[in-house]
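Notebook open, model loaded. I'm jotting down what I looked up, one item at a time.

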Amino acid sequence: MSRPVQYNTNLKPAVIPEGYAGEGYFSTTFDKIVELGRKNSLWPLPFATSCCGIEFMATMASHYDLGRFGAERLGFTPRQCDVLLVAGTISKKLGPVLRQVYLQMAEPRWVIAMGACACTGGIFDSYSVLQGIDQIIPVDIYVPGCPPRPEGLIDGVLKLQELVQGESLRRRNNPVYQQLMESYGIQ
Ligand code: SF4
């Protein structure tokens, strides 16, 4: 017996930016179109080292399906990605590797710290564990939990989308951003 087909009737279309619409045309400013594109096509690079990585896999799978928010295209090369998603415990030995991966990403780039370990070191208050990845790279979104549920990660991605939409096109040239990078010794 075939399964009945169910349609999602609660779809929310992407918010149309401000502009001028008429029959068969719509015009707006360049920055609004770029913001819309960036926001809805984030390409994450999963840097998963332990249990939070499993929760991340669940978020990508069919039940939660991060693809609904335009972020299903995972990349495993920093050159192609714009969101570094750090999920798991980062040891001090691994710190320089994480920083190198971040530096290899092109601008604009954002960072999500997923879970207590990535945010603060979590329960591992020991000599060998980095007490939060923001000691070596700037973080845009912190997702709490040990591990966070997929809903928590999705909420973090939605918060990041808000941030991306409100940013200037040339993030790199923003004085506040430059100051932040300088504080991490990044050019
Ligand atoms: S926050 Fe908890 S679940 Fe996530 S990596 Fe650390 S110990 Fe594992």
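In which hand of crossing does H1 pass H5, left-handed or right-handed? I find that H1 passes H5 in a right-handed crossing; left-handed would need the near helix turned anticlockwise from the far one by less than a right angle, and right-handed is the clockwise case.

Ground rules before I go on. This is a predicted model, where local features need pLDDT of at least 70, side-chain atom pairs count only at pLDDT 80 or more, and totals for chains, interfaces and linings use all residues. Residues are numbered from 1 along each chain as its sequence is written.

**Helix pair.** I looked up how H1 (residues 30-39) packs on H5 (residues 150-165): the angle is about 160 degrees and the axes are 9 Å apart. The axes are lines fitted to C-alpha atoms, for helices over the stretch in contact, with angles from 0 to 180 degrees between N-to-C directions. H1 and H5 are therefore roughly antiparallel (over 145 degrees; under 35 is roughly parallel, 65 to 115 roughly perpendicular, the rest oblique). Glu35, Arg38 and Lys39 of H1 meet Gln161, Val164 and Gln165 of H5, contact being C-beta atoms, placed from the backbone, within 7 Å. I sorted the residues of this contact into 1 nonpolar, 2 polar and 3 charged (Ala, Val, Leu, Ile, Met, Phe, Trp, Tyr, Cys and Pro are nonpolar; Asp, Glu, Lys and Arg charged; the others, Gly among them, polar).

**Aspartate 31.** I found this residue in helix H1. Why is aspartate 31 classed as partly exposed? Because 13 other C-beta atoms lie within 10 Å of aspartate 31; buried takes 20 or more, exposed 12 or fewer, and partly exposed is in between, with C-beta atoms placed from the backbone. Serine 168 is 137 residues from aspartate 31 in sequence, yet 7.9 Å away in space, C-alpha to C-alpha.

**Ligand shell.** I listed the residues around the ligand, among them Ser50, Cys51, Cys52, Cys117 and Cys146 (C-beta atom, placed from the backbone, within 6 Å). H2 (51-60) and H4 (115-120) each supply at least two shell residues, and H4 gives the most, with 3. The shell divides into 6 nonpolar, 5 polar and no charged residues.

**Whole chain.** I noted 6 helices and 6 strands, which are DSSP runs numbered from the N terminus (helices H or I, at least four residues; strands E, at least two). Buried residues make up 26% of the 187. The C-alpha atoms fill a box of roughly 65 × 55 × 25 Å along the principal axes.

Methods
Contact = placed C-beta atoms within 7 Å.
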